[in-house]
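Here is a short briefing on one protein model. Keep the sequence and the coordinates open while reading.

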Amino acid sequence: MYQWLPFWPPISSKQGIVVDDLVIAEVVVSTLIVLTVFGMMVTFCVRYRRGSQASRAHLMRKTWRIEIGWTVATLIAFLALFAWGADIYAWLFRSPPGDIEIYIVGKQWMWKVQHPGGQREINALHVPTGKTIRLVFASQDVVHSFFIPAFRIKHDVVPGTNETLWFKADQPGVYRFECTQYCGDQHATMTGEVTVMTPSDYEHWLTDQGVGQSLAEQGESLFRQYGCSGCHGPNSTVHAPSLNGLYGGLVHLQDGSVRRADEAYLRDCILEPRTFTVAGYPPVMPNFSGQIGEDDLMKLIAYIQSLAHRSASWR
Ligand code: HEC
Ligand SMILES: [Cu+2]
């Protein structure tokens, strides 16, 4: 929409239009205020400069009306911008349940991308148009920040948490993404390209990758490898909760609080099980922090997500 402006970055997402409107509105309001204030300053400086003939005869009395009017008007203008911006912020950072969920691990100095079907790429991301793409981030070392300028979306990628970001791309094309948090001497090389394809091209691309196992399937074998199934499997003798139907629901904890079973919750269960306990179960879940890397963690989480729609009858 604002493409005719010089240096305006290309844009290809719904978020982009909304963010650009806000930026333009902020620039317009700020410019109007700056022009008014500086215009008056300059006018009066010139008019009443030393030696000018302008009449200084009748000094005006102080008018509270103008002063209060001006202060309230700017206050309202900026509060309105604040409310508008807060609304957009909440919309940008509350991820809807994506049509496609893609895992991205940031590490010095690359982005490792894993698709639900098991396809992997490095410093590249292929997505179809018209679908809500949900990105789930983890960092293997330091704080990174993932930014796709053309979509106007950006999120810090912080070690020890799973951050999420979503977007919906309109037009096929190739757009740049980059790390915007200085993260070491090769930081500048932490860039890549998002390739937005039509849904049918995307299907071809997925099959061309020729992968054997989906992410969830790889997670299932890890689930056995790490011994999770020994406790959480159907034949376990340990009193541990079934993970069927867990993802996306609410979990009641021993201390009376309730948490939503999202990625961050699953991550905490596996890496920090001693900080909370699921109500009604013994606190025997072993701590896997330091043993499971980000890659494996994402596969395990993908596996647990894939159990979301299985019946939780024996839970
Ligand atoms: C020694 C048995 C045991 C092993 C091994 C084990 N867990 Fe657990 N797990 C438990 C128990 C008991 C709970 C419930 C009590 C608690 O929260 O500590 C639990 C809770 C959980 C929860 C939360 C479930 C809910 O209903 O909210 C998740 C997720 C989980 N475990 C995943 C795993 C994964 C993944 C592994 C393997 C990497 C694993 N567990 C290995 C015993 C185990
Ligand atoms: Cu980085």
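Ser12 is buried in this predicted model. Its relative accessible area is 1%, which falls below the 20% cut-off and is therefore classed as buried. Ser12 sits in the segment before helix 1 (14-47).

**Around Ser12**
- The side chain of Ser12 makes a polar contact with that of Tyr175, at 3.1 Å.
- Leaving out residues up to four places away in sequence, Ser12 touches Ala150, Phe151, Lys168, Ala169, Asp170, Gln171 and Tyr175.

- Five strands form an open sheet in the order 3-2-1-5-8. The pairing is mixed.
- Strand 3 (120-122) and strand 8 (163-167) are at the edges. Each has a single partner strand, so one side of each lacks a neighbour in the sheet.
- From one strand to the next, the twist averages 25°.
- Strand 5 (residues 133-139) pairs with strand 8 in the antiparallel sense, over five bridges.
- Opposite Ile133 stands Phe167 of strand 8.

- Strand 6 (residues 144-148) and strand 7 (residues 153-157) are antiparallel partners. Five bridges link them.
- Ile148 faces Ile153 of strand 7 across the pair, standing opposite it.
- Four residues lie between the two strands of this hairpin. Arg152 has a positive phi there, near 60°.

Technical notes:
Residues numbered from 1 in each chain as written. Chains lettered and ligands numbered in written order. Predicted model: local features only at pLDDT ≥ 70, side-chain atom pairs only at ≥ 80, totals over all residues. Heavy atoms only, no water. Pairing = 2+ DSSP bridges. Axes fitted to C-alpha atoms, helices over the stretch in contact; angles between N-to-C directions. Buried < 20%, exposed > 50% of the residue type's maximum accessible area, 1.4 Å probe, protein only. Polar contact = N/O pair within 3.5 Å; in protein donor to acceptor, adjacent residues only side chain to side chain. Contact = heavy atoms within 4.5 Å.
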